[in-house]
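I opened this notebook to record what I looked up in one structure, entry by entry. The overall fold comes before the individual residues.

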Amino acid sequence: MAAQGSSTKQLEQKLGFWDLMGSAVGQIIGAGIMSLLPAAMAVTGRSVVFSFLIAAIITCCGAIPFIFISSCVRLRGGSYTQLAVMGGKLLAGTQAITAIIGNLSLAMYGISLADYLCSLFGWGPEAVKPIALSVLTIFLLLNLVGVDAFAKVQNLLVIVLIFSLAMFGAFGIGKVQWGNYFNNADGYFMMAGVMGVCQASATLTFATGGGTVVLNFSAEAKNPTRDIPVVIIVSTLSVAVLYGFLSFVAAGVLPTEQVLGQNLTVVANSILPYPLYVLFIVGGAGCALASTLNNQLATSPKPLMQICDDGWLPAGLAKLNKKKVPYRILLMFYAVGVICILTGLSVSTLANMTKIIGAITTFTLAIGMTRIPKLFPGPWARSKFHVSNGVLYALSAIAFVAAVFSTYMSARNLGVKMVVLNLVMVAIAFGYSFFMKDKVHMEPSYEEVQ
């Protein structure tokens, strides 16, 4: 039983549709687009726009379980509650370990933003650690103030981010060489045929994913069953359309051989006046990193709160401050981030240790969604996304295939050492859950929304 003042039941419902949209878009548009788009173009050339469309479809298929269950009930523990409902007690307990390990990338975003600022302003490598610590501290303090402060800053970051990317597209679209764009005379359209388009789309699924993170705001959303499913769909498809627009410019302004493997700054430098070029760099990559860091600090503590509520971890860890923020969890993430920054510990290695158990979770959700009519008969019947059982089973199969595809693409570059580390993490997570399962009391952390 959670201590008074620490439960997800005490979280305030302040976030509206556009706040959730800002969270989702800020999470999806990471700085990775600067590198993933050139990597995809190197495979398929100017036909990369079709790869974005396929990637968006795959991402939406994988998000089907999130869309359906979030349309029925408020999930106070976000992704943890969803897993507890669909996967059962033993699998839910593994999140006590993976929810901590999987969020260590906070330090990575701080370091990446510091590296980026140093290269932009010509500062030396000695400035990276102080700037990374400053960035992490600023966003920690922002999130300690409350979820409404997070939302205001997040929305501002996303507005600047969207403006910067749209400006790139607007200045460049008139300079695209349309006459030869869809022509393969130069060998740069569908360079590797249909398989090349599909291979590039696999890379771009990482650029179009992330919208499902808003599930972790379910306890703080004003109308989660109405807003969260729509936000997941709209944010994913809207960003995919934006990316497709950017890809026309990125691939069509300069000769294709000049931009293959090069990031967007090469094209931006050729189409934008210098002041706007600087704005694109700062507002594009800079705000992409900042919005992702800000969003992760706001969303990642919520599943951990419910994990503490249920007794998998000490209840006191989820204690709230006067602004209804789980400050101890945030301070824990901050402390680990500081250690990683100061010591140079490889955070990406730690985060990659949860790949296999993450795959198990994804497969469970894809199969478990077929139980929604039995779990929530009334809310499911009233859901705007209600479908017949036959369609539900078919969509479950589609979600499962998308999960297999995403898991394969995510894991294909894991070496033997990382696979072993993943298997060790699976053993630790399930071992901890098995040890604790008779000592915890999992109350339902979902509720109907009137």
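**Entry 1. Overall fold**

What share of the contacts in the protein chain with a separation of 6 or more comes from residues 24 or more positions apart? I found that such pairs account for 85% of those contacts. I note at the outset that this is a predicted model.

I then listed the secondary structure: the protein chain has 23 helices and 2 strands. The radius of gyration is 22 Å, close to the 22 Å that the globule rule gives for 450 residues, so the chain is as compact as a globular protein of that length. I also took the extent of the C-alpha trace, which spans about 65 × 55 × 45 Å along its principal axes.

**Entry 2. Interior and surface**

I looked up burial next. Of the 450 residues in the protein chain, 54% are buried. The accessible surface comes to about 18,300 Å², and carbon and sulfur atoms contribute 67% of that surface.

The largest nonpolar core holds 128 residues. Within this core, F68, F168, F280 and I372 touch the most other members. I found another core lying apart from it, made of 10 residues and including L104, L414, M425 and V426. For context I recall that nonpolar side chains tend to be buried together in soluble globular proteins.

I also searched for nonpolar groups on the outside. V416, V420, V424 and I428 form a nonpolar patch on the surface, with about 350 Å² of accessible area together. I placed I428 in helix α23, residues 416-436. I428 has a relative accessible area of 43%, so I record this residue as partly exposed.

**Entry 3. A buried valine**

I selected V239, which is found in helix α12, residues 224-252. Is V239 buried or exposed? V239 counts as buried because its relative accessibility is 4%, and the cut-off for burial is under 20%.

I then looked for its partners. Leaving aside neighbours within four places in sequence, V239 is in contact with V25, I28 and I29. I also recorded a C-alpha separation of 7.0 Å between V239 and T208, which are 31 residues apart along the chain.

**Entry 4. Salt bridges**

I record K14 as partly exposed at 33% relative accessibility, and D148 is partly exposed with a relative accessible area of 33%.

For R74 and E447, I found a salt bridge with the closest N and O atoms 3.6 Å apart. R74 is in strand β1 (residues 74-75) and E447 in strand β2 (residues 446-447), so that this bridge links parts of the chain 373 residues apart. R74 is buried, with a relative accessible area of 4%, whereas E447 is partly exposed at 29%.

The side chains of R382 and E448 also meet in a salt bridge, at 2.8 Å from N to O. R382 lies in helix α21 (residues 377-382) and E448 in the segment after β2, so the pair ties together parts that are 66 residues apart in sequence. R382 counts as exposed at 57% relative accessibility, while E448 counts as partly exposed at 43%.

I finally checked for shared partners. Salt bridges of this kind join E12, K14 and D148 into one network.

**Entry 5. Positive phi values**

Where is M190 found? M190 is in the loop between α10 (147-173) and α11 (193-208). Its phi is near 50°, a positive value in a residue other than glycine. M190 is partly exposed, with a relative accessible area of 29%.

K324 lies in the loop between α16 (301-310) and α17 (327-343). The phi of K324 is near 65°, again a positive value in a residue other than glycine. I record K324 as partly exposed, with a relative accessible area of 27%.

Key: Residues numbered from 1 in each chain as written. Predicted model: local features only at pLDDT ≥ 70, side-chain atom pairs only at ≥ 80, totals over all residues. Heavy atoms only, no water. Core = buried A, V, L, I, M, F, W, Y, C linked by side-chain atoms within 4.5 Å. Buried < 20%, exposed > 50% of the residue type's maximum accessible area, 1.4 Å probe, protein only. Helix = DSSP H or I, 4+ residues; strand = E, 2+ residues; numbered from the N terminus. Patch = residues over 30% accessible without salt bridge, like charges linked within 9 Å, V, L, I, M, F, W, Y side chains within 5 Å. Areas by Shrake-Rupley, 256 points an atom, 1.4 Å probe, with all protein chains shown as cover. Salt bridge = Lys/Arg side-chain N within 4 Å of Asp/Glu carboxyl O. Rg over C-alpha atoms; globule rule 2.2 N^0.38 Å. Contact = heavy atoms within 4.5 Å.
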